[in-house]
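Biologist: Hi! Could you walk me through this one?
Modeller: Happy to, here it is.
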Amino acid sequence: MAKMMKCGDLMPGCNAVIEGKDDNEVMAKASEHAKMKHGVKTVAPDMAAKVRAAIKEKK
Ligand SMILES: [Zn+2]
């Protein structure tokens, strides 16, 4: 089942939607997006936990 997360759930005002074939792919793309768009250099463990919590099954 494909997964997705809305970046705006974590970064208010961002309308990016990250999709992947599983949680790990979404995590990888989300951290890349955070680096590129939000200036996040390293994803701290608490942020990673929030990202995982925000991942939903893609309908
Ligand atoms: Zn974003």
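Modeller: One term before we start: two residues are in contact if their C-beta atoms, placed from the backbone, lie within 7 Å.
Biologist: Okay, what share of the contacts in the chain with a separation of 6 or more comes from residues 24 or more positions apart?
Modeller: Those residues account for 43% of them. Keep in mind that this is a predicted model, where local features need pLDDT of at least 70, side-chain atom pairs count only at pLDDT 80 or more, and totals for chains, interfaces and linings use all residues. Residues are numbered from 1 along each chain as its sequence is written.
Biologist: In what order do the elements run from the N terminus?
Modeller: The order is β-β-α-α-β. Helices (H or I, at least four residues) and strands (E, at least two) are DSSP runs, numbered from the N terminus.
Biologist: Which residue in β3 is the bridge partner of M4?
Modeller: That's K56.
Biologist: Switching topic: is K41 buried or exposed?
Modeller: K41 is exposed, because 7 other C-beta atoms lie within 10 Å. The cut-offs are 20 or more such atoms for buried, 12 or fewer for exposed, and partly exposed in between, with C-beta atoms placed from the backbone.
Biologist: Where does K41 lie?
Modeller: In the loop between α1 (23–38) and α2 (45–54). K41 is 8.9 Å from S31, C-alpha to C-alpha, and ten residues away in sequence.

How values were computed: Pairing = 2+ DSSP bridges.
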